[in-house]
Amino acid sequence: MVKLVLIRHGQSEWNLENKFTGWTDVNLSEQGVREAIEAGEYLKQGGYTFDVAFSSILKRANRTMDLALEALGESNIEKHYTWRLNERHYGALQGLNKAESAVKWGNEQVHLWRRSADIQPPALTKEDPRFPGNQDLYKKLVESGDMKEEELPLTECLIDTVARVKPYFDSDIAPAIKEGKKVLIVAHGNSLRALVMELEHLNAEQIISVEIPTGNPLVYELDEKTLAVLNKYYLKPVAGK
């Protein structure tokens with residue numbers, strides 16, 4: 001049996017403002033900083049150590065990883081960053097207030113955009129400044145060959161997110177686990193839901209009810225050869241459970 005630990009980044013400034021964030025690179029709120037440190041403290045209390053950590057290229061996840069590892073006393077471990085672990089891209093909803101969006105389009109429609117597996121929010125145009133192709137970070141990734149132009153999203157549903165998370169898990173993360181390395185993944189609500197969908201073999205209906213709280217380490221116990229899920233639990237008690 002091996003353990004894989006997932007952490008959703010601490011509360012971000014736009015989580016606090018109830019905005020759709022997606023690939024917008026916002027920072028942690030003060031509460032988010034506390035959550036990240038607390039995540040590291042829970043890991044320390046549980047006796048966890050790591051050999052390698054994986055994160056997205058968005059600073060709310062990166063900072064959560066750094067703060068948690070610092071609290072754990074593991075700041076110097078190997079770290080990898082990839083756009084494939086970025087949050088789901090919310091298209092034209094990015095930057096909009098969720099409550100105001102519900103008034104505009106209706107609660108049911110916004111709920112479908114947020115929680116369903118296969119329904120995309122309204123897409124951006126390529127002229128929109130929110131389109132990653134207009135941002136220096138992603139231009140450099142395309143120029144370097146780390147990303148293809150056709151991989152720059154105008155919008156994404158969860159299945160689209162799975163399509164970029166799963167290949168990276170299979171090529172980079174799973175081999176590390178099978179080599180016996182102790183792995184930490186710090187990412188986002190939907191990129192982690194995409195990973196959970198694959199780990200637990202959930203279908204589009206089952207994933208709708210899965211919600212991952214911020215800053216609470218989620219531990220998966222896996223078969224060391226097949227990576228089949230044997231058990232899972234949060235280190236911090238989850239309200240209502």
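Reply: A definition comes before anything else: axes are lines fitted to C-alpha atoms, for helices over the stretch in contact, and angles run from 0 to 180 degrees between N-to-C directions. Helices (H or I, at least four residues) and strands (E, at least two) are DSSP runs, numbered from the N terminus. The model is a predicted one, in which local features need pLDDT of at least 70 and side-chain atom pairs count only at pLDDT 80 or more, while totals for chains, interfaces and linings use all residues. Residues are numbered from 1 along each chain as its sequence is written, and side-chain values use heavy atoms, with hydrogens and water left out.

Me: ok, at what angle do helix H2 and helix H3 pack?
Reply: Helix H2 (residues 30-45) packs against helix H3 (residues 59-72) at about 40 degrees, and their axes are 7 Å apart. H2 is therefore oblique to H3, since angles under 35 degrees count as roughly parallel, over 145 as roughly antiparallel, 65 to 115 as roughly perpendicular and the rest as oblique.

Me: and which residues make that contact?
Reply: Taking contact to mean heavy atoms within 4.5 Å, H2 contributes Val-33, Ala-36, Ile-37, Gly-40, Glu-41, Leu-43 and Lys-44, and H3 contributes Arg-63, Thr-64, Leu-67, Ala-68, Ala-71 and Leu-72. The residues of this contact of H2 with H3 divide into eight nonpolar, two polar and three charged, where Ala, Val, Leu, Ile, Met, Phe, Trp, Tyr, Cys and Pro count as nonpolar, Asp, Glu, Lys and Arg as charged, and the others, Gly among them, as polar.

Me: How do H7 and H8 cross?
Reply: The axes of helix H7 (residues 158-178) and helix H8 (residues 189-199) come within 8 Å and cross at roughly 70 degrees, so H7 and H8 are roughly perpendicular to each other. Among the residues that meet there are Val-162, Val-165 and Phe-169 in H7 and Ala-194, Leu-195 and Met-197 in H8. The contact of H7 with H8 holds nine nonpolar, three polar and three charged residues.

Me: what about H4 and H5, what's the angle there?
Reply: H4 and helix H5 (residues 107-115) pack at about 125 degrees, with axes 7 Å apart, and that makes H4 oblique to H5. The residues in contact include Trp-105 of H4 and Trp-113 of H5.

Me: Switching to the sheet: in what order do the strands lie?
Reply: Six strands form an open sheet with mixed pairing, in the order E3-E2-E4-E1-E5-E6; two strands pair if DSSP finds at least two bridges between them. Strand E3 (78-81) and strand E6 (229-234) are the edge strands, each pairing on one side only. From one strand to the next the twist averages 20 degrees.

Me: which way do E2 and E4 run, parallel or antiparallel?
Reply: Strand E2 (residues 52-55) and strand E4 (residues 183-187) run parallel and are joined by four bridges, with Phe-54 opposite Ile-185 in E4.

Me: and E5 with E6, parallel or antiparallel?
Reply: Strand E5 (residues 218-222) and E6 pair in the antiparallel sense over five bridges, and Leu-222 stands opposite Val-229 in E6. E5 and E6 form a hairpin with six residues between them, and Leu-227 in the turn has a positive phi of about 65 degrees.
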